[in-house]
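User: I would like a close look at a single part of this model, followed by an account of what surrounds it. Please give the cut-offs along with the values.

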Amino acid sequence: MTHDTRTNTQWGTGLGLAVLSASAFGLSGPLGRGLMETGWSAAAAVAARVLLAGLVLAPFAVLQLRGRTHLLRRNAGVVVGYGLVAVAGCQLAFFNAVARMEVGVALLVEYTAPVAVVGWLWLRHHQRPGRLTVLGALLAVVGLLLVLDLLSGARANVAGILWALGAMVGAAAYFVLSAREEDGLPGTALASGGLLLGGLVLLLAGAVGLVPFTASTAPAAFDGFTAPWWVPVVLLGVVTAALGYATGIAAIRRLGARLASFVALTEVLAALVFAWLLLGEAPRPVQLLGGVLTLLGVVVVRLGERRP
């Protein structure tokens, strides 16, 4: 999963790409909220985002495959699982969460996914977590309670929390499936295939009435300004998805999945900043403390993971 020998240039470039990827992903929640408040459903916003991103990444996937289409056939199950769970399911759940609760809170709940990954490895592959991993999980749980502000008696949106937990499951699937480098499928091919499949599934679900599927050409409203509807759509597809996936894949190849997952946690901080700038959602002190504990817990969990 990781390579221990790297040049300083690789480390520096990888860190820069990882931060860029996390920042791009962190912008998606505030942009999606701006669209949904003008009449876009979560399914329509996610479908537009992932389909546009899949189309942008498709030429790069073709170049990386170099005619080796047998890799797609051999990994069809992985691509389908990636598209349905890690892309469509994860992002649909996240956008439904941010429609009901603050973006930063939804993202912090989603980013307890590494704890779920450790639990999956324990149950499925009998990789029992050590003391450091258990300590990190406890820190993450305490931080999550503070982020949700349950201890002060504030009312939490139950539906929003459940959607955010669904996004956490999708994010955990994303980490597990993206780590399957031994299959030989290029990362951009997996991303592009999964994004296109996930978008098509959402379109089909909307067409048959399984999920609400509405869009609007009204200007998207943000904190103190508006923008034409197509501006957030293009930014969602090109910047928050295509750029986020492309730079994330490049970062993982330079840093390895282990270190890159650490840096990816900066997406939470980026989302808090973007939500503050675009939506006027200033986090409360107790939520900041919870965010710090959650991030610390996730980092400790990652440090406690055993190498395969």
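Is Val98 buried or exposed, and what is its relative accessible area?

Analyst: This is a predicted model, in which local features need pLDDT of at least 70 and side-chain atom pairs count only at pLDDT 80 or more, while totals for chains, interfaces and linings use all residues. Residues are numbered from 1 along each chain as its sequence is written, and side-chain values use heavy atoms, with hydrogens and water left out.

Val98 is buried, because its relative accessible area is 0%, where buried means under 20%, exposed over 50% and partly exposed in between, with a 1.4 Å probe and protein chains only. Val98 is found in helix α5; helices are DSSP runs of H or I with at least four residues, strands are runs of E with at least two, and both are numbered from the N terminus. Leaving aside neighbours within four places in sequence, Val98 is in contact (heavy atoms within 4.5 Å) with Gly29, Arg33, Met36, Val103 and Ala106. The C-alpha atoms of Val98 and Ala164 are separated by 8.2 Å, although these residues are 66 residues apart along the chain.

One of these contacts, Arg33, forms a salt bridge with Glu37, the closest N and O atoms being 3.8 Å apart; the term requires a side-chain nitrogen of Lys or Arg within 4 Å of a carboxyl oxygen of Asp or Glu. The structure holds one salt bridge. Its two partners are Arg33 and Glu37: Arg33 counts as buried because its relative accessibility is 10%, whereas Glu37 is exposed, with a relative accessible area of 52%.

A nonpolar core is a set of buried Ala, Val, Leu, Ile, Met, Phe, Trp, Tyr and Cys residues joined through side-chain atoms within 4.5 Å. Of the 65 residues in the largest such core, Tyr82, Phe95 and Tyr245 touch the most other members. A second, separate core of seven residues includes Cys90, Ala113, Met168 and Phe175.

Tyr82 touches Val87, Tyr174, Leu177, Ser178, Leu190, Ala191, Gly194 and Tyr245, not counting residues up to four places away in sequence. Ring pairs link Tyr82 with Phe25, Tyr174 and Tyr245 into a cluster, where rings of Phe, Tyr and Trp (its six-membered ring) pair if their centres lie within 6.5 Å, and planes under 30 degrees apart count as stacked, over 60 as edge-to-face and the rest as tilted. By this rule the count comes to six aromatic pairs. Among them, Phe25 and Tyr245 form an edge-to-face pair, 5.3 Å centre to centre with 85 degrees between the planes. That pair links distant parts of the chain, with Phe25 in helix α1 (residues 8-26) and Tyr245 in helix α11 (residues 230-255), 220 residues apart. Both Phe25 and Tyr245 are buried.

Of the contacts in the protein chain with a separation of 6 or more, residues 24 or more positions apart account for 90%.
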